[in-house]
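Subject: Handing over the structure

Dear colleague,

Here is the structure I said I would pass on to you.

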Amino acid sequence: MLVQHTVVASGSSNWDSDQVWKKLWQLKVVPKVRIFWWQALQRFLPCYAELARRHVMDNGICKLCGHEDETLYHAMLQCVHAKQFWTATLQYFGFSIPRTRTQ
Ligand SMILES: [Zn+2]
């Protein structure tokens, strides 16, 4: 269930949404990156599992790995491709995978 996998952008176990939004909107990145993360944190991104639930698609299986339903949590953190992204991000930029309530 997506609600259980809320990304905690601050890195702490306390969810302070005002701080998260403030930090997000202060990021010095192109606007579409802020918009993407805002949509991800609001769970507005249309993942395949959600589209399948709405009968827009036949199934919600992740098209990249094919192992399980593509929830937002899977797409952003669990998928083997997402893990490769976070590993590369750590290598090149020093950013680590966001901490979540499930980690
Ligand atoms: Zn996947």
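Below is what was found in the structure, from the overall chain to single residues.

Please keep in mind throughout that this is a predicted model.

**The chain as a whole**

The secondary structure of the protein chain comes to 5 helices and 0 strands, and read from the N terminus the elements follow the order α-α-α-α-α. The protein chain has 103 residues, of which 29% are buried. If you consider the contacts in the protein chain with a separation of 6 or more, 31% of them are accounted for by residues 24 or more positions apart. The accessible surface amounts to about 7400 Å², and carbon and sulfur atoms hold 56% of that surface.

**The zinc site**

Which protein donors hold the zinc ion? They are Cys62 through SG, Cys65 through SG, His74 through NE2 and Cys79 through SG, and they lie 2.1 to 2.3 Å from the ion. Along the chain, these donors of the zinc ion are spaced as C-x2-C-x8-H-x4-C, a pattern that you can look for in the sequence. The arrangement is tetrahedral because the 4 donor atoms around the zinc ion subtend angles of 103 to 114°, and the rule for calling four donors tetrahedral asks that all angles lie between 85 and 135 degrees. For orientation, the ideal angle for four tetrahedral donors is 109.5 degrees.

Histidine 74 is found in helix α4, and since its relative accessibility is 1%, which is under the 20% limit, it counts as buried. Leaving aside residues up to four places away in sequence, histidine 74 touches Cys62, Cys65, Glu68, Asp69, Cys79 and Ala82. Cysteine 79 is buried as well, with a relative accessible area of 2%.

**The nonpolar core**

The largest nonpolar core is made of 7 residues, namely Ala40, Leu45, Leu72, Tyr73, Met76, Leu77 and Trp86. Helix α4, which covers residues 72-78, gives the most to this core, with 4 residues.

Alanine 40 is found in helix α2, and its relative accessible area of 9% makes it buried. Apart from residues up to four places away in sequence, alanine 40 touches Leu45, Leu72 and Met76.

**The aromatic rings**

The count of aromatic pairs comes to 4. In one of them, the rings of tryptophan 37 and tryptophan 86 have their centres 6.3 Å apart and their planes at 55°, so the pair is tilted. This pair links distant parts of the chain, as tryptophan 37 sits in helix α2 (residues 31-41) and tryptophan 86 in helix α5 (residues 80-93), 49 residues apart.

Tryptophan 38 and phenylalanine 44 form an aromatic pair that is edge-to-face, with 5.3 Å from centre to centre and 70° between the planes. Tryptophan 38 is partly exposed, with a relative accessible area of 29%. Ring pairs also link Phe36, Trp37, Phe85 and Trp86 into a cluster.

**Two residues with positive phi**

Finally, please look at two places in the backbone. Arginine 43 has a positive phi of about 60° although it is not a glycine, and it lies in the loop between α2 and α3 (48-53). With 33% relative accessibility, arginine 43 counts as partly exposed. Histidine 55, which is likewise not a glycine, has a positive phi near 65°, and this residue lies in the loop between α3 and α4. Histidine 55 counts as exposed, at 73% relative accessibility.

With best wishes

Notes. Residues numbered from 1 in each chain as written. Predicted model: local features only at pLDDT ≥ 70, side-chain atom pairs only at ≥ 80, totals over all residues. Heavy atoms only, no water. Core = buried A, V, L, I, M, F, W, Y, C linked by side-chain atoms within 4.5 Å. Buried < 20%, exposed > 50% of the residue type's maximum accessible area, 1.4 Å probe, protein only. Donors = N, O, S within 2.8 Å, 3.2 Å for Na, K, Ca; no water. Tetrahedral: all angles 85-135°; square planar, octahedral: opposite > 155°, others 65-115°. Contact = heavy atoms within 4.5 Å. Areas by Shrake-Rupley, 256 points an atom, 1.4 Å probe, with all protein chains shown as cover. Phe/Tyr/Trp six-rings, centres within 6.5 Å; stacked < 30°, edge-to-face > 60°.
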